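Here are my notes on this model, as numbered points. Have the structure open while you read.

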Amino acid sequence: MKVTGLRIVDVDASDRGHWLFVVVDTDAGITGLGEASQSGNDRLVQAALLQMGEQIEGQDPTQPEVVWDRLVGGGGSVFSGKSGRVGATAISAIDQALWDIAGKALDVPAWRLLGGRRRQRIRCYANLNRGTKDRSPEGFARQAAAAVAAGFRAVKCTPFDEVRGGLADRDGVESGLDQGVARLQAAREAIGGEIELLVDCHCRFDPPLAQKMVEKVKPLNLYWLEEPLPREQVEAMAHITAHCGITTAGGEPFFGRSGFHDYIRRRAVHVIMPDVKHAGGITELRRIAQQAELEQIPVAPHNPAGPVSTMAGVHAAATIHNFLILEWAFGEVPWRGQLVRPAELVEDGYIAVPDGAGLGIELDEAVVAAHSIAAGTPEQTRSAQ
C-alpha cells in the first residue's frame, strides 16, 4: 500500500477558530483521518500539510513510526523555534491519519497496534472556555452547571481574562485577579463540592502575583492549577509546584520529547499535558508519556479541539499506563457530535474506547458540507496524478 495524496477539510467551528482535518489517501482506497487544529496559524499549517503530503507520497502508510522519523529528519529539528508549532502540528495530523490507515488495513483498532487497551473508557473533563460567551461570574456558573448536567464530573475554567504578568507597578493590579477568583467561586458554588474544578491560567501571572492567586484559590479545593507562569520559566514553575500545595499541570504547546525534557526532569508540574495535535501525534505522545512514567508523572493530554483529535487521544490514552484524564471542549458548537460517524458520545464524563478499525470514526460528509470553508479548492487538495 502507498500514500497517493493528502486533503484538507476546513470546518468553521466557531468564532474562536476553525477545525482543520486531514485526509490521507492510499492506492488501496483506504483513507486516514487526522486533525491539525489550533496551530496558531491555519494558513501556514495548511501549506506545511500540503508540502508534507508531497513528501509522504509513495510511502507505506502502515508504518507510521517510520514515516514519522522521515518527516522529522531523524533529528527532530522541526520541533524547535517559533515555526516549530506549525510543522509539528502538520506532522501530528499526518501521524494520526497513518495510525488510522494502519488499523484499517489490518481491520483492527489503532489501540491494538499500540500495544493494547488498558482501559475500556476514557475519563474526560469539560473545558468550558470556548463555550463560555458570558464572562461574568453568573456566566461561568451557568456553563459549569450545564457541563455537570451533561454528565461531566470534572470541569475546567479559564477565568483570568484581565490578568497580565509584569504589571506590578500599576494601580489596581489585583483587580483582575479578584475578578477571576469571583468567577471561580461562582463556578464552585454552581457545581458543589463533589465535582472536580480545574483552573487554566494561560500563563498570565508572574511569580509574585501567582503566589497571591494561590492563596486566594486554595479554599476552592482545585483538582489542578494549570500554567500560571510563562512556560519558559521552568525553575519558577518548579518552585510553585513544590510549595503551593495544589496539583499543577502544564506543557500543552511543547513539541516532542525534547520539548518536555526540562519540564519532566525538573518536575516543573505534577501533571504533563502533551497535545496529540502538536506534540508529534500519537507516536510521539506515547513516547512522551513513557518518558514521564519513568519519573512517576501522570499524563493528561491537552485537547480543546474537534472530535478527530479527541478520538486519536482516546486511542493513545487507552494504551498509556500513566494516563490521568482527557480534555474535551464543551459547548463550542451544538453539532460537534454529529461531525463524525459513529456520532461522538460522552456518557457520564467518559468516552468509550472503540472497537472499530483504525480510529473507529469517519467524517460525516453532510455535516462537513454544512460547515466547511471552501472545501475541495486547489489550495486544499494535493493528490498524485
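1. The chain holds 12 helices and 14 strands, going by DSSP runs numbered from the N terminus (helices are H or I, at least four residues; strands are E, at least two). Its radius of gyration is 20 Å against 21 Å from the globule rule for 385 residues, so it is as compact as a globular protein of that length. That radius is taken over C-alpha atoms, and the rule is 2.2 Å times the number of residues to the power 0.38.

2. Before going further: this is a predicted model, where local features need pLDDT of at least 70, side-chain atom pairs count only at pLDDT 80 or more, and totals for chains, interfaces and linings use all residues. Residues are numbered from 1 along each chain as its sequence is written, and side-chain values use heavy atoms, with hydrogens and water left out.

3. The C-alpha trace spans about 65 × 40 × 40 Å along its principal axes. Of the 385 residues, 58% are buried (under 20% relative accessible area, 1.4 Å probe, protein chains only).

4. Now the inside. The largest nonpolar core has 87 residues, and Phe-160, Phe-205, Met-213 and Ile-272 touch the most other members. Helix α11 (residues 307-319) is its top contributor, giving 7 residues. A second, separate core has 26 residues, including Ala-36, Leu-49, Met-52 and Val-67. A core here is a set of buried Ala, Val, Leu, Ile, Met, Phe, Trp, Tyr and Cys residues joined through side-chain atoms within 4.5 Å.

5. On contacts (heavy atoms within 4.5 Å): among those between residues at least 6 apart in sequence, 73% join residues at least 24 apart.

Conventions:
Buried means under 20% relative accessible area, exposed over 50%, partly exposed in between (1.4 Å probe, protein chains only).
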